[in-house]
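Me: I am new to reading protein models. Could you take me through this one in short steps?

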Amino acid sequence: MEIKTEVRESQPYELFDQFLSRAIARAGLLDVSQLATFFGVDRALVDRVITFLETIGHVRRSGDALTLTGIGQQSVADGCRYVEKKGRQVLYFDGFTSEPMPATHYEGTEWIDDIELTLNADGTRFRVVTGSRSFNFEALERLASRPDREEFNLPGSVSSIKPIDVGSAFLPAYVVECTERLLVFVKAMDGPDEYLADLVSTVLPDVLAAEDRVDDMRTWQDWLRARGLENIRPERLPNNILRASLPAKEYGRRISWWQLGSFEVHRASFLQLWCDDAEARQHAVLDRVGRIVKTRVIRDADELGRRFSDLAGQLQVTTPGIADLRRFAREENDESLLSMVEDLLTT
């Protein structure tokens, strides 16, 4: 939904603006002549300032009489100049209950207008799941009155809102069927999206049950064959996950090092790429941490240690340290990584 907004912004008073406003509010000086006489200044100066206060909605004229508006009175009471600014904003509400989406689903989230979406990279087609209800406009009023509305991307400084247009937008998400519950993943969230999982838990089981079953073993054998790995056969782990264990020599050639241990998604199923060689998995940890360091999202050595620990746990190897990353950078002739590692040690 697109809305018009009025935001009450706090600004410091100009000195004479404040004196005139206080004189009207507290001294009962209600026309330009009285104010000019009281302050001992030229009437034209007072008139210019009063005109400005009219422009920002603080003063109202009726003939020669002056009165402060509500925002003018509040400004005097709080000792700052409030200014109402008009703007526009987009708010998202879910299509099932018309409840507002949390602020976590704005920045970094990829909303689309197309009712059908296919990923060009692998042909994965997202199935559209729509709500059965029309939008309830009372949801906007309820949001505006909530004390926690900033958690739903409506700033507390907004003093009034008015709907302009309502349309549909779609949020691409991966849903993983697990034994006990659904896991939902979206681009903006680091890990499972508990909010969306709860939202769709009553809707998606019937949708998923109606889908054609995928022969995931054949799907991934074809995927491996297309990459020259026709001799690799995926195995199904006790937890029902498919895993393909590749020889160490294939990483850095047909498959990138950062993919070792990761889950590839293809045609509604996924496969974990693996290597039985612990030394290769250790190399993959260093490669992945090195890539993260180069994005400059790691702030200090403690955070670097946590990244090492997390990835080493995922790849089932001994946790490396900064000395190992230094050695890795030298072996790879990566001077920029080596420099960034040294910088982390000084922060």
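What follows is a set of questions and answers on this model.

Me: What kind of model is this, and what pLDDT do local features need?
Reply: Residues are numbered from 1 along each chain as its sequence is written, and side-chain values use heavy atoms, with hydrogens and water left out. This is a predicted model, where totals for chains, interfaces and linings use all residues, side-chain atom pairs count only at pLDDT 80 or more, and local features need pLDDT of at least 70.

Me: What pLDDT does the protein average?
Reply: pLDDT is the predictor's confidence in each residue, from 0 to 100. In this protein, 95% of the residues score at least 70. The average is 88.

Me: Which element has the lowest mean pLDDT, and which the highest?
Reply: Elements here are DSSP runs, numbered from the N terminus: helices (H or I) have at least four residues and strands (E) at least two. Where pLDDT is low, the predicted coordinates should not be read in detail. The lowest mean, 66, belongs to strand β5 (residues 117-118), and the highest, 96, to strand β11 (residues 242-245).

Me: Which residue in β4 does Val7 stand opposite?
Reply: Strand β1 (residues 2-11) runs antiparallel to β4, and ten bridges join them. In β4, the residue opposite Val7 is Lys85.

Me: Why is strand β13 largely enclosed by the rest of the structure?
Reply: Buried means under 20% relative accessible area, exposed over 50%, and partly exposed in between (1.4 Å probe, protein chains only). Strand β13 covers residues 269-274. It is largely enclosed because, of its six residues, the number buried is five.

Me: Which residue in β13 is the bridge partner of Ser245?
Reply: β11 and β13 are joined by four bridges and pair in the parallel sense. The partner of Ser245 in β13 is Trp274.

Me: Which residue takes a positive phi in the hairpin of β12 and β13?
Reply: Strand β12 (residues 263-266) pairs with β13 in the antiparallel sense, over four bridges. Two residues lie between the strands of the hairpin. The positive phi, near 50°, belongs to Arg267.

Me: How are the rings of Phe19 and Phe39 arranged?
Reply: Rings of Phe, Tyr and Trp (its six-membered ring) pair if their centres lie within 6.5 Å; planes under 30 degrees apart count as stacked, over 60 as edge-to-face and the rest as tilted. There are ten aromatic pairs in the structure. For Phe19 and Phe39, the centres are 6.4 Å apart and the planes at 10°. The pair is stacked.

Me: How many residues apart in sequence are the parts that this pair ties together?
Reply: Phe19 lies in helix α1 (residues 15-26), and Phe39 in helix α2 (residues 32-39). The pair therefore ties together parts whose separation in sequence is 20 residues.

Me: How far is Arg243 from the ring centre of Trp274?
Reply: A charge sits over a ring if NZ of Lys or CZ of Arg is within 6 Å of the ring centre and within 35 degrees of the ring normal. Arg243 lies over the face of Trp274. The distance is 4.0 Å.

Me: Is Val184 buried or exposed?
Reply: Val184 is in strand β9 (residues 182-185). Beyond its neighbours within four places in sequence, its contacts include Tyr174, Pro192 and Leu196. Its relative accessibility is 3%, so Val184 counts as buried.

Me: Is Arg299 buried or exposed?
Reply: Arg299 lies in the loop between α9 (278-294) and α10 (301-315). Its relative accessible area is 61%, so Arg299 is exposed.

Technical notes:
Contact = heavy atoms within 4.5 Å. Pairing = 2+ DSSP bridges.
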